[in-house]
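Subject: The structure I promised you

Hi,

Here is the structure we talked about. Have a look at it first, then read my notes below.

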Amino acid sequence: MTSKHAEFLAGIKDILPILMGVIPFGLIYGVSARGAGIVAPAAQAMSFIVFAGSAQFVTAQLIGASVPWGIIVLTAVIINLRHALYSASVAPYLKRLHVLWRLLLAYLLTDEAYAVAITHYQRPGDMTRKHWYFLGTGLALWGTWQASTAIGVVLGAQVPADWSLDFTLPLTFIALVVPMLKDRAGLAAAIAAGVIAVLAAGLPLKLGLLLATLMGMTVGLCLEPRDRKRASMFGPEEQDAGQTSDPIEPVEIAPASRPGKDGV
């Protein structure tokens, strides 16, 4: 049985390669936020409260373009709807944990943390302490994001425009998405979203991004049941993600260690 400490350190170790792409992403957000006229405390507070890089990045761009707040909020909500899918995916593994654990891990759930944690959960082995792996992954990512965005916020407009750091944004997401395109639903969703994003790039108020997100999610949700049915007919039967040989024991957290919004 793996110890809590070992699981926690393993989570940090496995997220380290991805953090190399998160750092420039955080710098770009900080610089973009200041360039859009967002004051430094508010820009950093967005990283603490929202902790969702793509939504923060797009929000900063929309604020800089003087887009109405209603559109900005709607865009951020739609972009972050994918987190509901992430939550549904990991929920079976966390359902026996104390509610405070689930709240903390929900706060730390990001694209990168999900990609690493769900792979670990799907591996065979003892499930009772894998949430410590998730915690290590999430906290390492959280700390890196806060530090990198703070540096970007401080640098602000001092970063030369000819550095063209914007390319790290699509590269980061490409590196995360491509390895996860293992079925027709995911591939079709990615293609549909990409095509719509290109075709609708000229729409005002960045509405093309909303349209691409909605189209990708719709295509993926429509095809996913067919992929599951096909897998059950022609491949090994999928095991219920929540079933394990050893039941997960509830984890109690003492009041003194109750997590706040800033972490543990």
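Let's start with Phe51, which is found in the loop between helix 2 and helix 3. (Helices here are DSSP runs of H or I with at least four residues, and they are numbered from the N terminus.) Phi of Phe51 is near 45°, a positive value in a residue other than glycine. Phe51 counts as buried because its relative accessibility is 4%; the cut-off for buried is under 20% relative accessible area, with over 50% being exposed and anything in between partly exposed (1.4 Å probe, protein chains only).

Before you go further, some ground rules: this is a predicted model, in which local features need pLDDT of at least 70 and side-chain atom pairs count only at pLDDT 80 or more, while totals for chains, interfaces and linings use all residues. Residues are numbered from 1 along each chain as its sequence is written, and side-chain values use heavy atoms, with hydrogens and water left out.

How confident is the predictor? The mean pLDDT (its confidence in each residue, from 0 to 100) is 79 for the protein, and 78% of the residues reach 70 or more. Over residues 236-264 the pLDDT is below 50, though that stretch still has 39 contacts in the model beyond near neighbours in sequence. Contact means heavy atoms within 4.5 Å.

Now the cores. A nonpolar core is a set of buried Ala, Val, Leu, Ile, Met, Phe, Trp, Tyr and Cys residues joined through side-chain atoms within 4.5 Å. The largest one has 40 residues, and Tyr29, Ile38, Leu94, Leu105, Leu108 and Phe134 have the most contacts inside it. Among the helices that each supply at least two residues of this core are helix 1 (4-35), helix 3 and helix 7 (111-122). Helix 8 gives the largest share, 8 residues. There is also a second, separate core of 7 residues, including Ala52, Val58, Leu62 and Ile72.

Phe134 is worth a click: not counting residues up to four places away in sequence, Phe134 touches Leu94, Leu105, Leu109, Ala113, Ala117 and Tyr121.

In helix 3 (residues 53-64) you'll find Ile63.

Ser148 lies in helix 8 and is buried, with a relative accessible area of 3%. Leaving aside neighbours within four places in sequence, Ser148 is in contact with Val22, Ile23, Gly26 and Leu27. Ser148 and Gly30 are 118 residues apart in sequence, yet 7.9 Å apart in space, C-alpha to C-alpha. A polar atom of the Ser148 side chain lies 2.9 Å from the backbone oxygen of Thr144.

Over in helix 7 sits His120, which counts as buried at 12% relative accessibility. Beyond neighbours within four places, His120 is in contact with Glu7, Lys130 and Tyr133.

Last, helix 10 (residues 184-199): its 16 residues reach 22 Å from first C-alpha to last, close to the 22 Å expected at 1.5 Å a residue.

Cheers

Methods
pLDDT = per-residue confidence, 0-100. Expected span 1.5 Å × (residues − 1). Polar contact = N/O pair within 3.5 Å; in protein donor to acceptor, adjacent residues only side chain to side chain.
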